[in-house]
Amino acid sequence: MQLPLIFDLRFRSLTRANLLVFLSLASAFFLSDFPHNRPTLWLILPTLIAFVGTAETVRCIRKRWSFYHAGVIFCIYMDLMADAMLLFCLLYPYAHFLSSST
């Protein structure tokens, strides 16, 4: 029995890339208890997985312009916004250590 192509890392898969980023963002919101943003170093794992998903999205881009190329660029921008949200959830709870003067 052969696995579906989405699980084969040798082939480019935009679906796999988007799922990696989306699921890591959802798990980061769950881990950080988002409205309260509690500090936890477990957020490093979803952040790294999202970076792998972004790299997978970049790998899917083609050399010649087409509507698929434009869609992949749109997905890259979406991934970068998700990466920024993940870094915010990871680093913001530790910001009070930098600003405390006492």
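Which residue follows α1, and what is its phi? That residue is Asp33, and its phi is positive, near 55°. Before going on, please keep in mind that this is a predicted model.

Let me stay with α1 for a moment. The helix runs over 14-32. At 1.5 Å a residue, its 19 residues should span 27 Å, and the end C-alpha atoms are 27 Å apart, so the two values agree. The buried residues of this helix are Leu14, Arg16, Ala17, Val21, Ser24, Leu25, Ala28 and Ser32. Their cover includes α2 and α3. As a reminder, an α-helix has 3.6 residues a turn, so residues three or four places apart point the same way.

Next, the surface. Leu41, Ile44, Leu48, Phe51, Leu87 and Leu91 make a nonpolar patch of about 560 Å². Two helices, α2 (44-59) and α3 (67-91), each give at least two residues to the patch. The largest share, three residues, is from α2. Leu41 sits in the loop between α1 and α2. Its relative accessibility is 58%, and Leu41 counts as exposed because the cut-off is over 50%.

Last, His69, which is in helix α3. Is His69 buried or exposed? With a relative accessible area of 12%, His69 is buried, because the limit for that is under 20%. A polar atom of the His69 side chain lies 2.9 Å from the backbone oxygen of Arg62. Setting aside neighbours within four places in sequence, His69 is in contact with Ile61, Arg62 and Arg64.

Conventions
Residues numbered from 1 in each chain as written. Predicted model: local features only at pLDDT ≥ 70, side-chain atom pairs only at ≥ 80, totals over all residues. Heavy atoms only, no water. Patch = residues over 30% accessible without salt bridge, like charges linked within 9 Å, V, L, I, M, F, W, Y side chains within 5 Å. Areas by Shrake-Rupley, 256 points an atom, 1.4 Å probe, with all protein chains shown as cover. Salt bridge = Lys/Arg side-chain N within 4 Å of Asp/Glu carboxyl O. Helix = DSSP H or I, 4+ residues; strand = E, 2+ residues; numbered from the N terminus. Buried < 20%, exposed > 50% of the residue type's maximum accessible area, 1.4 Å probe, protein only. Polar contact = N/O pair within 3.5 Å; in protein donor to acceptor, adjacent residues only side chain to side chain. Contact = heavy atoms within 4.5 Å. Expected span 1.5 Å × (residues − 1).
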